[in-house]
Amino acid sequence: MSRDQILEVDRLTMRFGGIVAVQDLSFAAERKKITALIGPNGAGKTTVFNCITGFYKPSGGAIRLSHDDGKVIALERLNDFRIAKQAKVARTFQNIRLFPGMTALENLMVAQHNALMRASGFTLLGLIGAPVYRDAEKRAIDLATDWLKRVNLLDRADDAAGNFAYGDQRRLEIARAMCTEPALLCLDEPAAGLNARESAALSELLLSIRNELGTSILLIEHDMSVVMEISDHIVVMDHGVKISEGSPREVRDDPKVIAAYLGTDEEEAAAVMESGS
Amino acid sequence: MKTSSSNTAKAASGIPALLKTAGFNALIALVLFSLMVGVRTEAGSDGQLTYWTRFGEVASLVAAVFGGSIVLELLKQWIGPSGAEKLVPPAVRSGMSFVGSYLAPALLIFTLLVPVIFYDQRYILDLAILVLTYVMLGWGLNVVVGLAGLLDLGYVAFYAVGAYSYALLATNFGWSFWICLPLAGVLAAFWGVLLGFPVLRLRGDYLAIVTLAFGEIIRLVIINWQDLTGGPNGVSSIPRPSFFGIPLDNSDNGLAARLGIEYSPTHRIIFLFYLILALALLTNWVTIRLRRLPIGRAWEALREDEVACRALGINTTTTKLTAFATGAMFGGFAGAFFATRQGFISPESFTFQESALVLAIVVLGGMGSQLGVALAALAMIGGFELFRSLESYRMLVFGMAMVLIMIWRPRGLIGHRAPTVYLTKAHAISSDLVKEGHG
């Protein structure tokens, strides 16, 4: 795989019993770019996400992640928490999964668990209150504060995450994923349930993550205004296979995409695609 | 104005409904009582069946149910929907929150002074030691159930491992209490990890059942492994703890003789009291510290959402195992203390009932709350003693008290959660938001 690709999905197949959810899917995500995975409901997008982030073990194919230092990791061989810990892939969930009974700040502190565990000497240094740990905790709080500022939730740092409005929870979940300092950020429908103003703010946030921090982003999204505005590259799926790929403009004009997305009524499809631009 | 008019409207429409409910209850009563009370059967003098009817009694019972239902319904309408809001007036609640902030230090100071105040009352000192043992067990189990959200019904197993570790090491090798105490904790933690490995893949009800079985397995092994544990006869003449090498007895070497004061058996009781208090406070201190460390936050995060934890790179298996091991270790300490206090242990002390009692303390206290667990242990163990004069009605009164508390405080005495870290101000988090965990 080339140097400027961070993620390469190679002929990924995922079967559940007799049902083939994803078939021979191949695509690549470029480093420091935003790649979007779109498609109608049931196209298999979330299955691809779950394979990449280790929640499913793929039935076939390879998923390779390459870090900045040139190290290539085979994600299909890692499982569970190791993908987040070693491969540095962070994700959010379609139905938000915050820790509702913990404050926003605590949520972001949990995200820095592995770094803090090392600093606390796997709890022993922390238990005796060693200065090494205290410094590390201070830095962790600073990082969390920084992210709370970025997502505009600083004044609610000490409130329980479960009390937040829907849009705020979405932003907090992205902040939490970013606190793991990932190489690749995977977002599963980050704009779902947001109003137009919140969607615009989300686009801005994602662009700033790409531009200022250089984090690569892979996202699933239905909100075309967001996808078309921020994506550098779009992969379109339908019924478990890739039907199109390219820049937002190319994808928007692809008749196959229009047909898949909105059935046969091409005029209506074109209208919807147009509205997203 | 609006509320009163809506109330009267409700009452007006309520009369037919009221009669309907009361009539329905009376009908059920009629069906039940006509058989239970209405027909009386007895064996006659030659062994034949004789029976007679008591319709008068049935009629009065049904009438009582009918009238009672109406009164109950009217009371319900008068009081309004039940719940915490109505049962406890706001003034009382604000007073309680004021008391709450000073309760923990006040309770600690009082506990420290218990041996001074009740020096001559052996019964109260013994009871206090018992309560403190359960406080410690509750705090230990709180790590597993309250923080990590893993329902453990076999906690008594670790208590037993700790007690037998101390008893066997002390009687067979003659090791002192202060060497055996950490060993008992380590052995219990080891068993915690051993149990944890196969079990932690399970969740929720399944985890509860397997831990329940583990508690029974340990007890059955103790009963049947006669060579080592003495089986049902238990282990007797377990050495008493010494005051760091100085025995607490009536000999010339004893602490009393060395200090030049008159010997009294109460000295040993008081020593045991402060020993269990120190152990319990150690448990509390370690738990409070652990909560503020990454491992403690990971436990709570695990309780809130395990999938999200994995997505953040947290190794959920080791995190659960550490919770299990930590809880087991404290159980082991408490077990060692139990063995040295009793001087005799047998499998009968480690039945499921103990597990259930400790779990009830944690749940009643409010899962995760240290103060709540201490109060619940006091209420459960102390309260049970308090009702001793009621004899056979004791369980009834106790059960009613539990039901009332669960209506008033469904999430335990202290249900809210205190954040472990804050930027400006720590707000207590309402219990509605805090998850209970599901395995």
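Predicted model: local features only at pLDDT ≥ 70, side-chain atom pairs only at ≥ 80, totals over all residues.

Student: What radius of gyration does chain A have, against a compact globule near 19 Å?
Tutor: Start with the chain length, which is 277 residues. A compact globule of that length would come out near 19 Å, and chain A agrees with this. The C-alpha trace spans about 65 × 40 × 35 Å along its principal axes. The radius of gyration of chain A is 19 Å.

Student: How many helices and strands does chain A have, and what percentage of its residues count as buried?
Tutor: Chain A has 12 helices and 10 strands. Among its contacts with a separation of 6 or more, 65% join residues 24 or more positions apart. Of the 277 residues, the share that counts as buried is 47%.

Student: What is the strand order of the open sheet in chain A, and which strands are at its edges?
Tutor: The sheet has 6 strands with mixed pairing, in the order E6-E7-E8-E3-E9-E10. An edge strand pairs on one side only. Here the edges are strand E6 (89-91) and strand E10 (241-246) of chain A.

Student: By what angle are neighbouring strands of this sheet turned against each other on average?
Tutor: The average ignores strand direction. It comes to 20°.

Student: At what angle does H1(A) run to E7(A), and what phi does A:Gly54 take just after the helix?
Tutor: H1(A) runs at about 145° to E7(A), which is strand E7 (184-188). Just after the helix, A:Gly54 has a positive phi. Its value is about 85°.

Student: Is A:Glu189 buried or exposed?
Tutor: A:Glu189 lies in the loop between E7 and helix H8 (196-213) of chain A. Its phi is positive, about 50°, although it is not a glycine. The cut-off for burial is 20 or more C-beta neighbours within 10 Å. A:Glu189 has 21 inside 10 Å, so it counts as buried.

Student: Is B:Ser237 buried or exposed?
Tutor: B:Ser237 is not a glycine either, yet it has a positive phi of about 45°. The residue sits in the loop between helix H9 (226-229) and helix H10 (255-259) of chain B. With 10 C-beta neighbours inside 10 Å, B:Ser237 counts as exposed.

Student: Which residues does A:Gln94 touch, leaving out those up to four places away in sequence?
Tutor: A:Gln94 lies in the loop between E6 and helix H3 (104-111) of chain A. It has 14 C-beta neighbours inside 10 Å and so counts as partly exposed. The residues it touches are A:Thr46, A:Asp188, A:Glu189 and A:Ala192.

Student: What distance separates the C-alpha atoms of A:Gln94 and A:Val257?
Tutor: Along the chain these two residues are 163 residues apart. Their C-alpha atoms are separated by 23 Å.

Note on methods
Residues numbered from 1 in each chain as written. Chains lettered and ligands numbered in written order. Helix = DSSP H or I, 4+ residues; strand = E, 2+ residues; numbered from the N terminus. Pairing = 2+ DSSP bridges. Axes fitted to C-alpha atoms, helices over the stretch in contact; angles between N-to-C directions. Contact = placed C-beta atoms within 7 Å. Buried ≥ 20, exposed ≤ 12 C-beta atoms within 10 Å, placed from the backbone. Rg over C-alpha atoms; globule rule 2.2 N^0.38 Å.
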